[in-house]
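Please look through the sequence and the model below before reading on.

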Amino acid sequence: MTENSAPLAPRTAVALHGRRGAALILTLLISVAIAAMAIGAVMLASGAQTSTHFTAREASLQAAADGGLEIIRDSLNRGVFDSLVPDSGFTIIANAVPVYDALGTPVPRVTQSLYVGRTGGRTGGAATAGQYGSNFASAISIISDQRGAVAARRLLLTQDSWAKYAIAVNNWSSSSYYGCAESISGPVHSNTTIRLQPGCSSPKTAFAGPVSVVNSISNQSSGDFLAGVQVGASPIPWPTPARINLMRQYAQDADAAAPTGDYDLVSRTLGAKNAGLRIEFLVIDVNGDGVIDENEGFMRVWVPANSSDSVLAYATGRKWPTVPVGVAAGGDPNVISRNCGAVTQIDATGPTQFFTASAIFTQTTGTTANKRDAVRAALQSGTRRCYLGGDPHLFASTGGVNTPDSLLTTTPGGDADLGWWRKRRSGALSAVASARPADAAYLIPLGANPEFKGVVFVQGDVAISGRLRGRVTVFATGNIILADDILYQNSPGTRCETDGDMLGLVATKDAVIEDNNLQTPFNVSDVLYGGFDDTNDANYNAFIMATGSGGTTDGNWYGEWVAPPWTVPSLSWSGDASAVAMHCGEAPNGCVRVTGGIAEGRIDNGTYISHRFGWGEAHTYDPCGAVNPPPYFPTTGRFSASRYYELDPVWLRQLTIAQYFAKLQGQ
């Protein structure tokens, strides 16, 4: 080692310059961020709370508004409709009154105002409400609080029609009952009781729809109530004759040029089974497209010449009231009928065509016995048929289609004047005149008349038959006589929209299945013959209502030969045979089928009396009656909710309540 070795160089120290306050700034930034997040969370929570509070407040106001609508509906359903809902204007039910909660405590700082008024039909107001009737009302409920929040709601109310029921009864006064194994397909209501056959077990009387009865159900254990039963229900006000008479104005309104002509009619009888007027519905393919449209439904009206027995018997095809000398009435009641006949020849010479019994008897040569035997042969042949008075088939020159004019009908077969088809007072429609020039003047339009409101009004009794296209209700101050089948062009239940077919038949007295040659068998040479119509059964597509005049003698639906005071030779009324319906196979007159509904002011009678007389029953409810009932069909006085509307309170305040109801009544 040498002493002069060089020493090691010293290490150089690196100076580090400190960043004063950086940690503090970072801390502050983190603190601000955390504070911002906290404030945001607070704000979000506050906003959510405010939103929740606002939503709850809004829901509370709307619920209160809905509750107000139900208060209005309940008020209407307490039987004060006319006093609450005037023909024009509106009624204030409540004006800025407190709102109460479920415990009856006033809700702080909240008030409600309730209004109700009529709403017009869909074609222009209460007086021109078309086929829908003046049975709409609107309820308006406005809820306000002191902070300026407002909820406004409107409820469209529809007054329930009696067509909502398959069976409705005001007074079940007889011992008639529903039998075991019978079935009722729709809703049922009775303002008194319902009677069932005792001891039904397997099968029972089946009720497919809901049943309500004011009193009790006799032998209730015999029934199978598939949709429930309510005993002790509230009575529903029954239609009165005064209400029905109000419908006449709608019939008159349908033809301003002839207000007492086409749809406002007068019968020659009142309270009779042989009606002094008859209406036949028919369809005509006016445009020839193969489809029967809404405006291709018509009716024609037969007017008997007078009210004598023969004239009225001819009008509705009843058994002829007289027979020639030498002919036993019981064995051959229709030997000179002007409704019944057959395709035959007279004395085996001349044309082979349809001749009435009267023509055969008159034109056949020989003795009375020869004439009688010629009629017997015709009425026992396979071509035998009976027709209602004035039917085109009774007149060879019409081709069995065109409505015969008065030059023919006043002298059918050379006989006396029996009546005529009524011409339309306003003249034939041009389109119909082109399609059916031979009889267009007799065809009264239904849907093709824009003024027609669906109402035909008859003062007295009227017989109904035919095929309907359209929506019509016939009101009669007397009896509705079911003279022959009544069918819809579109099958019942298939088109519940407003362009479907719907018929209402409303009688102030009774609704009667007529004992005539088209629907019941009669003797030929002391042998009971049926099949004088297209079928032995009676088929009626309609909602039938016999309201009754308020007394104790009418308001029934029945077959003509069924109940006291009408008697049948050698037979007496038997309570054991008085069930409201019997099996169709047991009934000599066949089956009566109502596809629609039946409403009776009283049940004193039925349709079946014994193995020799009467109809069995097999009815079907048409649910379209509850959706779009027949025009102006009597209503129950109760309202159901139809549609809810939320209203803009600012818009409503600017328009005013009065103007809003004026708009509603003009719809």
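How many of the residues of helix α5 (residues 309-316) are buried? In this predicted model, helix α5 is mostly covered, since 6 of its 8 residues count as buried. These are Val311, Leu312, Ala313, Tyr314, Ala315 and Thr316, and they pack against the strands β15 (278-283), β16 (297-304) and β23 (462-468). Just after the helix, Gly317 takes a positive phi of about 65 degrees.

**The protein as a whole**

The protein holds 12 helices and 35 strands, and 49% of its 667 residues count as buried. Among contacts between residues at least 6 apart in sequence, 66% join residues at least 24 apart. The protein exposes about 29300 Å², of which carbon and sulfur atoms supply 55%.

**A buried threonine in a loop**

Thr398 lies in the loop between β19 (385-386) and α8 (406-409), and Thr398 is buried, with a relative accessible area of 8%. Not counting residues up to four places away in sequence, Thr398 touches Pro392, Pro404 and Leu408. The C-alpha atoms of Thr398 and Leu408, which are 10 residues apart along the chain, are separated by 9.6 Å. A polar atom of the Thr398 side chain also lies 3.2 Å from the backbone nitrogen of Gly400.

**Salt bridges**

| Pair | Closest N to O distance |
|---|---|
| Arg318 and Glu514 | 2.9 Å |
| Arg469 and Asp501 | 2.6 Å |

Asp66, at 26% relative accessibility, counts as partly exposed, whereas Arg153, at 15%, counts as buried.

Arg318 forms a salt bridge with Glu514. Because Arg318 lies in the loop between α5 and β17 (340-346) and Glu514 in the loop between β27 (511-513) and β28 (522-524), the pair ties together parts that are 196 residues apart in sequence. Both Arg318 and Glu514 are buried.

Arg469 forms a salt bridge with Asp501, and this pair links distant parts of the chain, with Arg469 in the loop between β23 and β24 (471-476) and Asp501 in the loop between β25 (480-488) and β26 (502-507), 32 residues apart. Arg469 is buried, with a relative accessible area of 2%, and Asp501 is buried as well, with 5%. Elsewhere, Asp332, Arg372, Asp373 and Arg376 are linked in a network of salt bridges.

**A nonpolar patch on the surface**

Leu26, Ile30 and Ile34 form a nonpolar patch on the surface, with about 300 Å² of accessible area together. Leu26 is found in helix α1 (residues 22-76). An α-helix has 3.6 residues a turn, so residues three or four places apart point the same way.

Technical notes
Residues are numbered from 1 along each chain as its sequence is written. This is a predicted model: local features need pLDDT of at least 70, side-chain atom pairs count only at pLDDT 80 or more; totals for chains, interfaces and linings use all residues. Side-chain values use heavy atoms; hydrogens and water are left out. Buried means under 20% relative accessible area, exposed over 50%, partly exposed in between (1.4 Å probe, protein chains only). Helices (H or I, at least four residues) and strands (E, at least two) are DSSP runs, numbered from the N terminus. Contact means heavy atoms within 4.5 Å. A polar contact is a pair of N or O atoms within 3.5 Å; within protein, one must be able to donate a hydrogen and the other to accept it, and residues adjacent in sequence count only if both atoms are side-chain atoms. Patches are made of residues with over 30% relative accessible area and no salt bridge: like charges are joined within 9 Å, nonpolar side chains (Val, Leu, Ile, Met, Phe, Trp, Tyr) within 5 Å. Accessible areas come from the Shrake-Rupley method with a 1.4 Å probe; for residues, only the protein chains shown count as cover. A salt bridge is a side-chain nitrogen of Lys or Arg within 4 Å of a carboxyl oxygen of Asp or Glu.
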